[in-house]
Amino acid sequence: MKAITPPKIDDIEKLCSMATDKRLSSYPELSVNYNRIMFSYAKYKTSKGSALSPHLSKPLLLSKALKECLIGHYRNKISTLSFIDNWRGNLTPDVCPMCGSLGKGTIDHFLPKDQYPEFACFSLNLIPTCLCNSSRSNDSKNCAPNQRLFHPYFDTIYKLRLVRANITQPVGGDLKTPDLSLSILLNKADCDYEAVRYHVDSVVMSNRVLDYFGKLWRKAESQPNSMFREADSLLTQNDFKREVIKTLKFSDLKYGTKNNWDSMFYAGILASKEAIKYLFNRIVDLRTGVALPED
Ligand SMILES: [Zn+2]
């Protein structure tokens, strides 16, 4: 979950080039539909993501043949679209703009190409993502009017810390194996709350974020000095809390967003007095030999 700057591509010039290219399978039907597609893309741009709810972005009615041609042009990376491969490596950041995972990814469509083939080749509909984008459902028919996905090129809400891990002691268990979930940090009365919830449920939760938190927790409690730089010299629980704050700020800066998975995890530790107490006690026990990493 990160706002990013799109590459500077003249999509209309490229659409014009494709529409007039007699060698392409889309000729002449694309030239017949040139104006409709151009105006639809202009609407996509002027709505700047905030109107990209499926309720407001109805796909164009195009023939099956033209739809297949447009998707085929994208898949085959015809020469007009060579820019896609050129910036695939450069644009892909170290954090996924859609879900906040730290895995490297690919270039994918914000509005799915099978539903919106008219946008299949446009740069503002091509975003760097991890696998979360291809695993999210394309079926948005049940989406309510105040629910939508945030667009990394247009939305600025990612500047806020939107979500954090929720780390709690399971009933009848202990924090060795905590219950993990995601908490949304916006107030429920906030006008963007439902949209954030929809985005988190559709994209972030579909991508094993809780498994990742579980791995980080095991690392935090078995090898805390590999996660918290000053762990070996901490004397009090408040020292540890300050160390977590430093680690969180470092993660925010490192990835350029407060909504990367590591920052979600550190913010979750900070929000839980029990987690702070448990991890500090683990640090002391490991340092003094009372406990071993595998305990
Ligand atoms: Zn992702």
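This is a predicted model: local features need pLDDT of at least 70, side-chain atom pairs count only at pLDDT 80 or more; totals for chains, interfaces and linings use all residues.

Residues are numbered from 1 along each chain as its sequence is written.

The protein has 11 helices and four strands. Both are DSSP runs numbered from the N terminus: helices are H or I with at least four residues, strands are E with at least two. The C-alpha trace spans about 75 × 40 × 25 Å along its principal axes. Of the 295 residues, 35% count as buried. Buried means 20 or more other C-beta atoms within 10 Å of a residue's own; exposed means 12 or fewer; partly exposed is in between; C-beta atoms are placed from the backbone.

Now helix 10, residues 261-270. Is it enclosed or open? Nine of its 10 residues are buried, so helix 10 is largely enclosed by the rest of the structure. Among those buried residues are Trp261, Phe265 and Gly268. What covers them? The cover includes strand 3, helix 8, helix 9 and helix 11.

Take helix 9 next. Helix 9 and helix 10 pack at an angle of about 160°, with axes 9 Å apart. Axes are lines fitted to C-alpha atoms, for helices over the stretch in contact, and angles run from 0 to 180 degrees between N-to-C directions. That makes helix 9 roughly antiparallel to helix 10. The cut-offs: under 35 degrees is roughly parallel, over 145 roughly antiparallel, 65 to 115 roughly perpendicular, the rest oblique.

Which residues make the contact? Helix 9 gives Val244, Ile245, Thr247, Leu248, Ser251 and Asp252; helix 10 gives Asp262, Ser263, Tyr266, Ala267, Ile269 and Leu270. Contact means C-beta atoms, placed from the backbone, within 7 Å.

Leu253 also sits in helix 9. Leu253 is exposed, with 11 other C-beta atoms within 10 Å. From Leu253 to Ser263 is 10 residues in sequence and 9.8 Å in space, C-alpha to C-alpha.

Last, the other pair. Helix 1 (residues 11-19) and helix 3 (residues 34-46) pack at about 165°, with axes 11 Å apart. They are therefore roughly antiparallel to each other. Helix 1 brings Asp11, Ile12, Leu15 and Ala19 to the contact; helix 3 brings Tyr34, Ile37, Met38 and Tyr41.

That's my tour. Thanks.

Key. Two residues are in contact if their C-beta atoms, placed from the backbone, lie within 7 Å.
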